[in-house]
Amino acid sequence: MSTPVTHPEIISYSPRTGLEIARYRDSSAADVEQAVARARVGAMSWQSIGFSGRKQILRAWAALITSRIDEIAALISEETGKPVSDAYLEISLALSHLSWAAKKANRYLRTSHRAPGILFANMSAQVQHVPFGVVGVIGPWNYPIFTPMGSIAYALAAGNSVVFKPSEFTPGVGHWLGETFNEVAPNANVFFVVTGGPQTGVALTQAAIDKLAFTGSTATAKKVAATCANRMIPVVLECGGTDPAIIDKDADLSKAVESVLWGAMSNGGQTCIGIERVYVHQDIADAFVAEITKQASTLQAGVDYGPSTMPAQLKVIDSHIKDAATRGATFVVGSADSVQAPYVEPTIMIDIPEDSLAVAEETFGPTLTINRVATMTEAIQRANASKYGLGASVWAKKNGKAIAAQLQCGMVSINSVIAFAGVSTLPFGGAKDSGYGRIHGPEGLREFTYPRSVVRPIFDLPLSFTTFKRKPSTDRLLKRVITFLHR
Ligand code: NAD
């Protein structure tokens, strides 16, 4: 006899086969509130064990994840459909961030001293980095361990407790993270996972959290930020993009092609910092297109990358490709019929209008648009014309840095792609519709604290400015000092 269902469930399906993988609790608003209440209790003891206590637990968690890497890689592959080797890469990056945040939180968040200035020369002035308390984390499905870990690890290392709502497409990975954390810190009440659909996410934004870290689409981010604004809950928003690659005429062509192709097609193009647009100098455009066409012809959907994890995305990808076809783009790889559910064939479109969907909107599939430009100024203008500003890639021998410096985006790699995401010391995040706030690096640690300024007199001055007993002689002295300093 089967056990009667006592609570609603969500089902995780294999994107490859469409078959059910497992069922997880569809957490209600009450479940979420309970997790947040318990996390609030846990936050106090988590803060009291200090940086070294937290480092020990977080590093033990990293060691446990490492020892069970095959298990989690298989689960990521099963839920997202990506090749297992891509799952290993994702886990490796997540582990680097977890270890770095655990090790460096003390260095970047410990109390620092500031110069008090001449008028308050008798004061000790300090900045403390205070954890918010309970941080809500809402994650997407495309990198189900790497992406949320960028918030979870940094928020925990900074002294917060965390309630994490994974994507409804990858609840198993989220659940696994909760289970393994609980193994290294049983009953710590520090890290909770609430599985469920968008309504569970809504409940988390309405619960008594102190900060929210959201990663997902720009459309959802706007709703999340609006809800959090009602209670003045600060948010960090990591959203979508249409990242450009700019190729100058002196670029190393074969390296540029190899990297841009991977940046566009790996993970089936389901990468927020995946390359969607290429602007290549007209002098080398034909050679670039010929080489990328050649290299892309060896790629195979279902081998080099998996299916579309979220079935509904196939419609978006199809609409972008069909729009490009009707707008006169030339398909050098793939065709207007590249979408063959659940897979999408590699698709490269050239000479495509800048206002077509594939250029202007996030496609999130294994597609790439290529347009030729007369100058790098034109390439920069077109790259910056997007409403998004997440990442970018520049390929040039001479002017790489100068081009990169003019791009409106949060992250640029010169003569490389996507590398910034793996460098733990660098902040990760975007500009414009790609979001605000930062995860990773010292900025990512500080994102999960607020600064508290503390002053304290360490010796008495013969004059004091902060009293009604101020004398005319004090005012005269103040005037003299101000005049000396600012005249
Ligand atoms: P999504 O916006 O559909 O969902 C993200 C999460 O929000 C899910 O957990 C979902 O259940 C939850 N959610 C949905 N509606 C909600 C609401 N009203 N209130 C609260 N939570 C809600 O995004 P997705 O399809 O899961 O992810 C793909 C998107 O994520 C792409 O746009 C991609 O570019 C972006 N992304 C960005 C980054 C980054 O770091 N910038 C990283 C990975 C993915």
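Predicted model: local features only at pLDDT ≥ 70, side-chain atom pairs only at ≥ 80, totals over all residues.
Figure 1. Two or more lining residues are contributed by each of strand 10 (243-247), helix 13 (376-384), strand 17 (388-389) and strand 18 (391-395). By residue class, the lining of the largest cavity comprises seven nonpolar, six polar and three charged residues.

**Figure 2. Close-up of the second largest cavity.** About 50 Å³ of space lies in the second largest cavity, whose lining consists of G268, Q270, Y305, G306, P307, S308, I317, V344, F364, G365 and P366. Six of these lining residues are classed as nonpolar and five as polar, while no charged residue takes part in the lining of this second largest cavity.

**Figure 3. Close-up of the second largest pocket.** The second largest pocket holds about 510 Å³ of space, and of the 22 residues that line this pocket, R38, E179, F191, F192 and V193 lie nearest its centre. The elements that each supply two or more residues to this lining are strand 2 (20-25), helix 1 (29-48), helix 6 (171-184) and strand 7 (191-193), with helix 6 providing the largest share, namely five residues. The lining of the second largest pocket divides into ten nonpolar, eight polar and four charged residues.

**Figure 4. Helix 10 and the elements that cover its buried residues.** The buried residues in helix 10 are I284, A285, F288, V289, I292 and A296. An α-helix has 3.6 residues a turn, so residues three or four places apart point the same way. The cover over the buried residues of helix 10 includes strand 10, helix 9 (253-265), strand 11 (275-281), strand 12 (330-333), strand 15 (347-350) and strand 16 (367-373).

Figure 5. E447 belongs to helix 15, which covers residues 441-447, and E447 counts as buried because its relative accessibility of 17% falls under the 20% cut-off. The side chain of E447 is joined to the side chain of K211 by a polar contact of 2.8 Å. When residues up to four places away in sequence are not counted, E447 touches F132, K211, V235, V236, G437 and R438.

Note on methods: Residues numbered from 1 in each chain as written. Heavy atoms only, no water. Helix = DSSP H or I, 4+ residues; strand = E, 2+ residues; numbered from the N terminus. Nonpolar A, V, L, I, M, F, W, Y, C, P; charged D, E, K, R; others polar. 1 Å grid on protein atoms, 1.4 Å probe; cavity = no way out; pocket = protein on both sides within 12 Å on 5 of 7 lines; lining within 4 Å. Points joined across faces, edges and corners; volume = space filled by probe spheres on them. Buried < 20%, exposed > 50% of the residue type's maximum accessible area, 1.4 Å probe, protein only. Contact = heavy atoms within 4.5 Å. Polar contact = N/O pair within 3.5 Å; in protein donor to acceptor, adjacent residues only side chain to side chain.
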